[in-house]
Amino acid sequence: MKEKRCGRPPSPNKRTIQVGVRLNSEELALVKQNADKAGLRLMTYMRRTTLQGTVPARLDEEGREYRRTLMGMANNLNQMARLCHQQGMTGTKALLGSFCERIDGILKKLGA
């Protein structure tokens, strides 16, 4: 009888070939810094830059703040939709207009 195996199944695309790269200390520091900016581990960053050419950087603190603001506004928008269903559209029309203006301002700052 075949023994049942536990745990994660083996990957069908297992990486078996190892390639070495020699860097000096300044180059390694720069690569590590770029990997940190991208939010990736060093080897993942190096693999992606080798295969894809570039790795998009993560959001900076200002971008994360805009993201949090937009998420909060989306939550408020859901609450306004619920209020529209309860009270009708006329009661929430002015509030919805101010929300649209705030969202447009944030999108302009982000360059979207």
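Author: Happy to; what follows is a walk along helix α3. This is a predicted model, where local features need pLDDT of at least 70 and side-chain atom pairs count only at pLDDT 80 or more, while totals for chains, interfaces and linings use all residues. Residues are numbered from 1 along each chain as its sequence is written, and side-chain values use heavy atoms, with hydrogens and water left out.

Helix α3 covers residues 61-87; helices here are DSSP runs of H or I with at least four residues, numbered from the N terminus. Its 27 residues reach 38 Å from first C-alpha to last, close to the 39 Å expected at 1.5 Å a residue, a span taken as 1.5 Å times one less than the number of residues.

The structure holds 1 salt bridge, meaning a side-chain nitrogen of Lys or Arg within 4 Å of a carboxyl oxygen of Asp or Glu. R68 forms that bridge with E65, and the closest N and O atoms are 2.9 Å apart. Because R68 and E65 sit 3 residues apart in α3, about one helical turn separates them. R68 is partly exposed at 43% relative accessible area, and E65 is partly exposed at 40% (buried is under 20%, exposed over 50%, partly exposed in between, with a 1.4 Å probe and protein chains only).

By contrast, G63, Y66, M73 and M80 of α3 are buried. Their cover includes α4 (93-110), where contact means heavy atoms within 4.5 Å. After α3 comes G88, with a positive phi near 95 degrees.

Methods
Helix = DSSP H or I, 4+ residues; strand = E, 2+ residues; numbered from the N terminus.
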